[in-house]
Amino acid sequence: METRCLICESTLVVTKAQAQAVSLLLGTLGGFLEGCSEMPVQSDTHQNRDIGDTFQMGLERLTRAVESATSGCAQGWEFAQDVQRYHFGEFECLCLRCGARFDQQPSVVFQK
Ligand SMILES: [Zn+2]
């Protein structure tokens, strides 16, 4: 399904729900990556590690990253609320080309 802008007819149109999904995804991914980078790698002990130590470090890092992803998701939710409030207002669609905001109309929705 393709939505065109009412003003410039561009197909670079984002719906409120899509913007929310992207905000949540970016917040969650950002939190996950931040959690991954919080545990410094100790290079001096790196050579003496056995597979069990490496596995445990991986699990600890993964656990921290998932916890951080949860926090990032919450931040993404707040960001999504701001995007909806400040960029969409009461409208459902935002054109990324010309900035027009509008609601989807049955006459402007095309299907491929
Ligand atoms: Zn437009």
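**Note on the sheet and core of a predicted model**

1. Three strands, in the order 2-3-4, form an open sheet with antiparallel pairing, where strands are DSSP runs of E with at least two residues, helices are runs of H or I with at least four, and both are numbered from the N terminus; two strands pair if DSSP finds at least two bridges between them. Strand 2 (13-15) and strand 4 (101-102) each have a single partner strand and stand at the edges, so one side of each lacks a neighbour in the sheet.

2. This is a predicted model, in which local features need pLDDT of at least 70 and side-chain atom pairs count only at pLDDT 80 or more, while totals for chains, interfaces and linings use all residues. Residues are numbered from 1 along each chain as its sequence is written.

3. Over three bridges, strand 3 (residues 93-95) pairs with strand 2 in the antiparallel sense, and Cys95 in strand 3 is the bridge partner of Val13.

4. Cys5, Val13, Cys93, Leu94 and Cys95 make up the largest nonpolar core, that is, a set of buried Ala, Val, Leu, Ile, Met, Phe, Trp, Tyr and Cys residues joined through C-beta atoms within 7 Å. Strand 3 gives the most to this core, with three residues. Buried here requires 20 or more other C-beta atoms within 10 Å of the residue's own, with C-beta atoms placed from the backbone, and 16% of the 112 residues in the protein are buried.

5. Beyond its neighbours within four places in sequence, Cys95 is in contact (C-beta atoms, placed from the backbone, within 7 Å) with residues including Cys5, Val13 and Ala100.

Conventions. Buried ≥ 20, exposed ≤ 12 C-beta atoms within 10 Å, placed from the backbone. Contact = placed C-beta atoms within 7 Å.
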